[in-house]
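Dear colleague,

I am handing over to you the structure that we spoke about, and I would ask you to open it before reading further. My notes follow below it.

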Amino acid sequence: MSAAGLASLLPLPVAIPIGGAVCAPLAARIDRRAPLVIGVLGLLGSAAVLGAMAPRVLGGEILSHYMGGWVPVGGRALGIAFAADPFGLVYALAAASIGAVLLVSTLSELGELGPRELGGYACLFQLLLAALIGTALTADLFNLFVWFEVAALSSYGLTGFFLERPIALEAAFKVLTLTTLASFAIFIGATLLYANHGALNFAQLHAAVSGHPHTADMVALALLVCGFATKAGLVPFHGWLPDAHTAAPGPVSALFSGLMVSLGVVAIARIALQIYGPSGGRPILGLLMAAGVVSALVGAILALAQDDLKRLLAYDTISQMGVLVVGLATAVPSGVAGATYHLIDHALYKSLLFLAAGAIVHATGKTKLSEMGGLARHRPGTALAFTAGVVAIAGIPPLNGYPSLGLIHAALTESGQYAVNLAMLAAQVITVAALGRAAYLAFYRRRAEAYEAMVPPRTGMVVAFWTLGATCLAAGVFPNWILDHAAAPAASSLLHGAVYASGVLAAGVHLPALSVAFDYFKVGELLTVAATVLAGVLLAAAYLRIAEPRPIRALRALHTGSVNDYAAFAATGILCAVAVLAL
Amino acid sequence: MILANYLAAACVFSIGLYVVLSRRNLIKIVMGLSLMESSTYLLLVSLAYRRGSTAPVLTSPPGTTSMSALARGNVADPVLQNFCLTAIVIGVAVTGVFLSVAVRIAQHYRTLDAGEVRALRG
């Protein structure tokens, strides 16, 4: 198909899931599982449309489409633009295909719910995925805000899905408060930019702010980044994240953690790197680096101290988002490519881990690590899936964490940021310890008493395990293929904001090719992995024997669970960011 | 006098934020967020203002305004007013969700005190 023909298909990947969402409550009247089946088919359709664009877009071409035929005149755009660049396409494709897998898993895990529940669930699930795909494809700032709000509204519904569970309601209230604060920040930021430059299109904004941004532009940048950092769960905006994940059903936690949280990072990458560009945004890179390092460390430390399995995984998500943002903030090709790679990896292995955690809850009804144990004998499949996820996060080859973490570490060494690299390695050691401890407590230690009745695993869950696990393995075994065909073009798009901008305005623009290579058998990297894993295992073994150390207790006490306190952390974060960037 | 609008917006926003940070009653938190929301509407409508402009309706201009004056663009900024409408719609939806969650919390926890609704912490 021609480039123009393909570009005119751009609204479809978003429109199909929205259509599915609208049909879901109606389809539930015919058959209660019909909405989920429609959802799986719709998302596969979205993925197929995106896949049809993939060869051209990942080859460096940028496809753009203006809604309603309002094409730009003389470099000024009035209409809402959708543009597929490699970075957005990779994320959209991951969202559509992993979303389909999660719905398959839902089909068997929550399949006994009534038609009303399943209709509503499928509706919100697809709406959230449509919002994620829209975020990845849009090239208009206000449209980005609208997708953020669509994602937010559907996430409120999914967090509080089990209305009869008090903690789900509590979590929903915290998510609502913090996300609403974030939406104000984004809204005011977008308005400021529009009031200053009279433009919302990313291409025009790039032209206006990438050279010499005014103070007002920097305030807008701070507000936008803080707003999306709330969605990404970066410290100090993270108060909602562990609660939302603890309360939601398994596949919803997987969707939140693997895909929705990354929405924030995708938007931050677009705004800070692509629109503001390296020349206009030096202080922002420092700020992102700091937020990333703090998130990586705080998330990992809190994960180590958790007793609730899903809460532990949620804190680890904060840590992983920190690692991602550090990779982006290096603003060098290998770091940004590593971050894109890590984005996909995280979506894969975190979904796998949350589905495994959900499967344990489904089988035994237990959520606390202290009540589990010996599950490797009773549930070898789940144990294998969970262990694969842990090995991937630990960055052990041949699974997929190894190349992406290796690239981020290499980028930090290249750009001479040894202190940050050291902090990343420390966070990695604590992450290994936290997840190793969880795997040991849940699966590999002995349990004296037998479990009461255990529910057998269902086909859909097993299918999801195998699909995600196999993709994790494939993404780890063929790093250079992924780098050449996905991560390096994505990095090129993020680092060449001017090319992206001209691609949004006119057809036939090609991104310059970046060559990022990963040496699989580099001795230094392999030794680093061995050292971090060894240190992590020792730390986990030590942590199992001692009482909770005082600094960790203090850090946990800071997370009071009060919505006022979390809002105060977020407000302080916004004020600090504005002060750093505008002064 | 558009400056007064900006100051009013800033004041209302700050009052709303103060309520969210300091009041523990969940309903009051929702009210604080609604105040912040309203202040953004005021900010937006004020940003759309231009001296001596008419409403951004581009057919049959009112009074003495000629069509050519309209075409030269002495109208209030329609895009910002459009934002404002979108924000109002979103705001109503979010407040609805907020209040329904607050009602269910009141039913389950038998309290609306944010200091007591914190089973999830640490």
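**Helix pairs in chain A**

The crossing of α7(A) and α9(A) is left-handed. Please keep in mind throughout that this is a predicted model. Helix α7, residues 166-197 of chain A, packs against helix α9, residues 215-232 of chain A, at an angle of about 155°, and their axes are 8 Å apart. Since angles over 145 degrees count as roughly antiparallel, α7(A) and α9(A) are therefore described as roughly antiparallel to each other. On the side of α7(A), the residues that make the contact include A:Leu178, A:Ala182, A:Ile186, A:Gly189 and A:Leu193, while α9(A) brings, among others, A:Ala216, A:Ala220, A:Leu223, A:Gly227 and A:Lys231. Sorted by class, the residues of this contact of α7(A) with α9(A) are 14 nonpolar, six polar and two charged.

The crossing in which α19(A) passes α23(A) is right-handed. Among the residues that make the contact are A:Leu425, A:Val429, A:Val432, A:Gly436 and A:Tyr440 of α19(A), together with A:Thr532, A:Gly536, A:Leu539, A:Ala540 and A:Tyr543 of α23(A). The contact of α19(A) with α23(A) has 13 nonpolar residues, four polar residues and one charged residue.

**Where chain A meets chain B**

If you display both chains, you will find 35 residues of chain A in contact with 35 residues of chain B. On the side of chain A that touches chain B, at least two residues are supplied by each of α6 (141-159), α7, α10 (240-247) and α25 (563-582). Which of the helices gives the largest share of that side? The answer is α7(A), from which 16 residues come. By class, the side of chain A that touches chain B is made up of 21 nonpolar, 10 polar and four charged residues.

Helix α10(A) deserves a separate look, as it is mostly covered, with eight of its eight residues buried. The buried residues of α10(A) include A:Trp240, A:Pro242, A:Asp243 and A:His245. They are covered by parts of chain A that include α6, α7, α11 (250-275), α14 (309-329) and α25.

As for chain B itself, this chain has four helices and zero strands, and its pattern along the sequence reads α-α-α-α. Of the 122 residues in chain B, 26% are buried. When contacts in chain B between residues at least 6 apart in sequence are considered, 55% of them join residues at least 24 apart.

**A strand pair in chain A**

Strand β1 (residues 63-66) of chain A pairs with β2(A) in the antiparallel sense, over four bridges, and A:Tyr66 has A:Ala81 in β2(A) as its bridge partner. Along strand β2, residues 81-84 of chain A, the side chains of A:Ala81 and A:Ala83 point one way and those of A:Phe82 and A:Ala84 point the other way, yet all are buried.

**Backbone details to check**

A:Val235 and A:Pro236 are joined by a cis peptide bond with omega about 10°, and A:Pro236 belongs to the loop between α9 and α10 of chain A. Another cis peptide bond runs from A:Pro397 to A:Pro398, with omega near 10°, and A:Pro398 is found in the loop between α17 (380-393) and α18 (401-414) of chain A.

A:Ala331, which is not a glycine, has a positive phi near 55°, and you will find A:Ala331 in the loop between α14 and α15 (333-364) of chain A. Is A:Ala331 buried or exposed? A:Ala331 counts as buried because it has 23 C-beta neighbours inside 10 Å, and 20 or more are needed for that class. B:Arg110 also shows a positive phi, of about 60°, although B:Arg110 is not a glycine.

With kind regards

Key
Residues numbered from 1 in each chain as written. Chains lettered and ligands numbered in written order. Predicted model: local features only at pLDDT ≥ 70, side-chain atom pairs only at ≥ 80, totals over all residues. Buried ≥ 20, exposed ≤ 12 C-beta atoms within 10 Å, placed from the backbone. Pairing = 2+ DSSP bridges. Axes fitted to C-alpha atoms, helices over the stretch in contact; angles between N-to-C directions. Parallel < 35°, antiparallel > 145°, perpendicular 65-115°, else oblique. Left-handed = near helix turned anticlockwise from the far one by under 90°. Contact = placed C-beta atoms within 7 Å. Nonpolar A, V, L, I, M, F, W, Y, C, P; charged D, E, K, R; others polar.
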